[in-house]
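Here is a brief report on one protein model. Please look over the sequence and the fold before reading on.

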Amino acid sequence: MRILKRHRRRTPRQAARTVVLGQDGSVFLLRSDNIEVGVHWTSPGGGIEPGETPREGAHRELREETGWTDLEPGPLLCTWEHDFTWHGIPVRQHEHIFLTLAPRRGPVGDVTAAHVADGILGWRWWTPEELADERADALWPPQLPSLLAKVREAWSSGDGSLAVVEPVDLGYVPNGPKGQWSSPGPASPDSPDSPDALNT
């Protein structure tokens with residue numbers, strides 16, 4: 001008897017994020033864990049609520065996950081699709097990822113509930129060199145180091161404005177083995193004594 005393998009149906013989900021860059025070129029990322037894809041690092045963000053635009057959703061999620069009320073999403077960096085399991089539901093998520101500039105700092109106020117609900121384990125600022133390190137946990141999206149390298153290059157050759165960024169559509173990016181992607185992510189250099197590291 002021939003047995004056909006059934007693929008899990010994916011529920012479409014719309015989401016938005018904001019990549020927060022420091023003036024020194026570093027980037028703020030959150031460390032998360034997911035039952036399907038494992039530990040990974042990503043920018044603040046999440047699902048878009050009914051009636052929200054991607055930019056509005058990114059703005060709300062940025063406030064909820066960092067407590068920062070003085071930032072707004074800037075230009076669009078990229079869009080992409082990927083699979084993961086969200087609260088027990090297999091989803092195919094389409095994301096809009098925006099850019100903004102901010103001083104280096106940690107989350108403010110009590111963001112514990114938002115972090116627990118979203119499986120966020122901690123945070124840190126990453127230097128360009130750390131992002132380029134191929135040893136390690138996965139990134140959402142895995143192309144983030146090269147995308148930000150182009151932003152920094154355009155930034156340094158222009159007037160220092162993020163307006164020079166040309167958005168990129170990365171399309172669908174398949175998962176590799178759990179905790180890995182089709183492109184390598186950065187190392188996990190957060191240490192207990194790091195001033196930029198905070199476990200939640």
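## Strand pairing

The model is predicted. Strand E6 (89–101) pairs with strand E1 (11–21). The sense of the E1–E6 pairing is parallel, and it runs over 11 bridges. Within it, Val19 faces Leu99 of E6.

E6 also pairs with E5, here in the antiparallel sense. That pairing counts 10 bridges. Thr79 has His96, in E6, as its bridge partner.

The backbone of His87 stands out: phi is near 50°, a positive value in a residue other than glycine. For context, most residues other than glycine have a negative phi. Is His87 buried or exposed? The relative accessible area of His87 is 54%. The cut-off for exposed is over 50%, so His87 counts as exposed.

## A cis peptide bond

Trp140 and Pro141 are joined by a cis peptide bond. Its omega is about -15°. Most peptide bonds are trans. Pro141 lies in the loop between strand E8 (138–139) and helix H4 (144–157).

## Glu36 in its loop

Glu36 belongs to the loop between strand E2 (27–32) and strand E3 (40–42). Its relative accessibility is 18%. Buried means under 20%, so Glu36 is buried despite its place in a loop.

What does the side chain of Glu36 contact? The side chains of Glu36 and Thr85 make a polar contact of 2.7 Å.

## The largest pocket

The largest pocket has a volume of about 340 Å³. Its lining is made up of 25 residues. Nearest the centre are Arg17, Phe84, Trp86, Asp118 and Gly119.

Which elements supply at least two residues each to the lining? Five are strands or strand segments already named or newly listed here, among them E1, E2, E3, E5 and strand E4 (45–47). Helix H1 (54–66) and helix H2 (112–118) also supply at least two residues each. By residue class, the lining divides into 12 polar, seven nonpolar and six charged residues.

Technical notes: Residues numbered from 1 in each chain as written. Predicted model: local features only at pLDDT ≥ 70, side-chain atom pairs only at ≥ 80, totals over all residues. Heavy atoms only, no water. Helix = DSSP H or I, 4+ residues; strand = E, 2+ residues; numbered from the N terminus. Buried < 20%, exposed > 50% of the residue type's maximum accessible area, 1.4 Å probe, protein only. Polar contact = N/O pair within 3.5 Å; in protein donor to acceptor, adjacent residues only side chain to side chain. 1 Å grid on protein atoms, 1.4 Å probe; cavity = no way out; pocket = protein on both sides within 12 Å on 5 of 7 lines; lining within 4 Å. Points joined across faces, edges and corners; volume = space filled by probe spheres on them. Nonpolar A, V, L, I, M, F, W, Y, C, P; charged D, E, K, R; others polar. Pairing = 2+ DSSP bridges.
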